[in-house]
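This briefing is intended for reading alongside the sequence and the structure.

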Amino acid sequence: MSRIFRSQASRSMRLEQIPLESMSRRSTTDRSDFNDNASNASSNASRRPTINFQEIMEDLPHHERETGERLRRHLQFFFMNPMEKWKVRHQLPYKLVLQVLKIVFVTMQLILFAEMRMSHVDFLEDTTTVMRHRFLKEWNDDRDALQYPPAEGRYSVYDDQGLSEHLSFLINSYYSIRNDSFASFSYDVVSHPSGNLGAQISFESIPPIEVLIDRISNVTVNNNTYNFDIREVKDTKRLNLTETEVFQIGQSDDAVRDILATRGITFLPEDALKISTVQFKFRLRTIHYSPTAGDQKPECYKISVSIKFDNSRHTGQVHVTLSTVVSYVNVCNGRIIKGVGWSFDTLLIGGTDIFVLILCILSLILCCRALIKAHLLQIKTSDYFENVLKNKITVTDQLDFLNLWYVMIVVNDALIIIGTVAKISIEFQDFDNSLFTLTSIFLGMGALLVYVGVLRYFGFFSQYNILMLTLKRSAPNIMRFMTCAIVLYAGFLIAGWVIIGPYSMKFRTLAESSEALFSLLNGDDMFATFYTINDSNTVIKVFGTVYIYLFVSLFIYVVLSLFIAIIMDAYEVVKDRYSDGLRAIEKRGCLRDFVESNPPPSELGSPTTRSAYAPSNLLNLVFNHSPTR
C-alpha cells in the first residue's frame, strides 16, 4: 500500500510540474512582450510632440500667425540637406562644389609642396652629413644611419691625446675645405675676388674659428681637499692662426696644444674639473642646385657649424656633437644662362597656389555667411518663441543653429590660406627653416580638415552615416572612460620613468617613457623593452619585468577591451535604432516639434513646394529683437 501511495504521489507531482513550467514560460514571454510594448510605447511617446504648436498658432492674430508660418518654413528649409534644397529650389550646392574642388587642388598643392619640402630636408641632412665627415675624426657611415637599438655608442673622446687629434683634424679640415671637398664650399667673407665664389682668396682673408669655453672660475687642491669656486665664466676666443701654424698642426697633432696654449686655451688634466663645454664655431657658404627640379635655380646658403665638446658630467667621457644651421642668403645667387624662362613646373606650382587661394577665400566667405545667417535665424526664432509662443527654447535647441561642420571648414580655410601665403613667400626665395615647418603644419592640418569636412556630405546618405553617429553617441562615454584611463596611465608612466629610467634607454626621459608604454599598449616592441633593461641591478631587473607584465596585462586585456566595448555598445544602439530613422537616435526638443507640427510636402520638387520655400515667402533675416513689430 505504501508503494502504491508513493507512486501515485510522484505521478501527481510530475503532473503539477508541467503546467508550472509552461506557466513560467508564458509569464516570461508575457513579460518580454510587455517590455517590448513598453519600450515601443516609450519611443513613440518620445517621438510625439510635447506641445501642440499648430493649435497655439491657430489662436494667434493674423500677422503673428503669418510670421510663425514663415518662420516654420524657414526653419524647415534651414534643416534640409543640400540634396533636398536642390530638389526644392534647384539651387546649386556651391559649398559642396567648393569642397570637392578643394580636395582635388589642395591635394595637388600638397604633393607639389611635399616634393619641395623633401628636397629641402634632404639638402639639410646631406649638408649636416658632409660636415660631420669633414670635421669629425673617424666618423663613419654607420653613425649616419638611424638604427634601433644603436649599433655604436655616442661619439666621444676619452683622453688628452684623443682630444688633440680631434682638434688637429678639425683645424686642418677647416683650412683645406675649398681644396679637399667635392662641393662648392667657401668661407663666409664679405666679397670674393672678381665676384667669383670659386676664386682663390688669401690666407689672411679666411675668417678665424671662434672658440666658446664654458667653465667655472677655479678649482684648487689643498691637502687632498678640493675647493670649488663655482662662479660661471664664459670665454670667447678667436683662433687667428698663421699659415705656418696651420702647416705645423697638419704635420703633428701634438703641435695644436702649444699653439692653443699661446692663445690662452689649454686642456690640461687640472682643467678637467673646470671646463664644462667647449664649442668651435665657424661659417661656410655653398651653392645648392638640383637640375632634376625644373623650377629650381642656383641658390646660395650659409652654413653655421658648431662642434661641441661636452664635459659637463666630468666622467672622463667627452661627448662630441656637430650641429648646423643652414640659412638662405642672396649674395651669391646664380642664374641659368640657357633655358631662361618660366618652366612648366613653376607655372604649375604658381597656378595651383593661386587657384587654391581663391577657392579657400570663396569657401571662407560662404561658410561665414552661412554661420551669420544661422545666428540671425536663431535670434528670430528665440524672440518669436519667447514673445509670441511664450515658450523659451532650450540651449540644446539653440545649438542646433550652430553648424560645427561650417566652423571646421572656416578653420581649415584659414589654415590653408595662411599656409599658401607662406608657401608663396618661400617660392620667392624667403628661405627660412622654421617657415618651412610652419607652412607644412598649416597645409597638412588644413588638408586633414578638408577631408574630414567631406564626411558631412556622406552623412546625408543613410548607408554612410553610421560612422559619425557611432562616434557622436560614444563620445561622452569615451571621454569619461579616458579620464580614468589617463590617470592610471600617468601613474605607470611616472613610476617607470623614475625607477627604470636610469637602467633602460627606452625610459631615459619622460617623453621616451610615454612612447615606450604606448608601444607596449599596441603590442609593439615587447621583447626589446624587456631586453633593454640593464641587469646590473637585480632588483630593478625584477621590478622592470613585473612592471611590464602588469602594464601589458592591465591595459591590453582590460583597458583596451573596455574601450572597444564602449564603441561597440554605441554601434549596436545606433544599428538597432537606425531602422526608425535619424530622428529616433537624436533627442527631440520643442524646436523640432515646432518644425514638424506642419510637415513639409512629400513632393519637394513640385511647383507648389518651390513657391512655398521661395525667399519671398520666408523670413527677412534682419537683426530685430521684436519679430511681431
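Is the crossing of H5 and H10 left-handed or right-handed? In this predicted model, the two helices cross in a left-handed manner. The chain has 629 residues, of which 36% count as buried, and its secondary structure consists of 21 helices and seven strands. Among contacts with a separation of 6 or more, 71% are between residues 24 or more positions apart.

**Helix packing: H5 and H10**

- The axes of H5 and H10 are 9 Å apart, and the helices pack at an angle of about 145°.
- The crossing of this pair is left-handed, and the residues of the contact comprise 17 nonpolar, four polar and three charged.
- Thr352 is located in helix H10, which spans residues 344-387.
- Because its relative accessibility is 5%, below the 20% limit, Thr352 counts as buried.
- Beyond residues up to four places away in sequence, Thr352 touches Phe105, Met108, Gln109 and Leu112.
- Helix H5 covers residues 94-135.

**Helix packing: H15 and H16**

- Helix H15 (residues 466-500) packs against helix H16 (residues 510-521) at an angle of about 120°, and their axes are 9 Å apart.
- H15 and H16 are therefore oblique to each other, and their crossing is right-handed.
- On the H15 side, the contact is made by Tyr489, Phe492, Leu493, Ile494 and Trp497; H16 contributes Leu510, Ser513, Ser514, Leu517 and Phe518.
- By class, the residues of this contact are eight nonpolar, two polar and no charged.

**Nonpolar cores**

- In soluble globular proteins, nonpolar side chains tend to be buried together.
- The largest nonpolar core has 43 residues, and the members that touch the most others are Phe135, Tyr174, Phe280, Phe282, Ile307 and Phe309.
- Two or more residues of this core come from each of the helices H5 (94-135), H6 (160-175), H8 (243-251) and H9 (255-261), and from each of the strands E3 (209-222), E5 (275-288), E6 (299-310) and E7 (318-329).
- The element that gives the most to this core is H6, with six residues.
- Ile307 touches Phe135, Leu136, Leu170, Val278, Gln279, Phe280, Phe282, Val320, Thr321 and Leu322, with residues up to four places away in sequence not counted.
- A separate second core of 21 residues includes Ile478, Leu517, Ile533 and Tyr547.

**Ser168 in helix H6**

- Ser168 is part of helix H6.
- The relative accessibility of Ser168 is 1%, and so this residue counts as buried.
- With neighbours within four places in sequence left aside, Ser168 is in contact with Ile249, Ser252, Asp253 and Val256.

**Lys281 in strand E5**

- Lys281 is placed in strand E5.
- With a relative accessible area of 31%, Lys281 is partly exposed, because that class lies between the limits of 20% and 50%.
- Lys281 and Ile209 are 72 residues apart along the chain, yet their C-alpha atoms are separated by 5.9 Å.
- The residues that Lys281 touches, not counting those up to four places away in sequence, are Ile209, Glu210, Leu212, Val305 and Ser306.

Notes: Residues are numbered from 1 along each chain as its sequence is written. This is a predicted model: local features need pLDDT of at least 70, side-chain atom pairs count only at pLDDT 80 or more; totals for chains, interfaces and linings use all residues. Side-chain values use heavy atoms; hydrogens and water are left out. Axes are lines fitted to C-alpha atoms, for helices over the stretch in contact, and angles run from 0 to 180 degrees between N-to-C directions. Helices (H or I, at least four residues) and strands (E, at least two) are DSSP runs, numbered from the N terminus. Angles under 35 degrees count as roughly parallel, over 145 as roughly antiparallel, 65 to 115 as roughly perpendicular and the rest as oblique. A crossing is left-handed if the near helix is turned anticlockwise from the far one by less than a right angle, and right-handed if clockwise. Contact means heavy atoms within 4.5 Å. Ala, Val, Leu, Ile, Met, Phe, Trp, Tyr, Cys and Pro count as nonpolar, Asp, Glu, Lys and Arg as charged, and the others, Gly among them, as polar. A nonpolar core is a set of buried Ala, Val, Leu, Ile, Met, Phe, Trp, Tyr and Cys residues joined through side-chain atoms within 4.5 Å. Buried means under 20% relative accessible area, exposed over 50%, partly exposed in between (1.4 Å probe, protein chains only).
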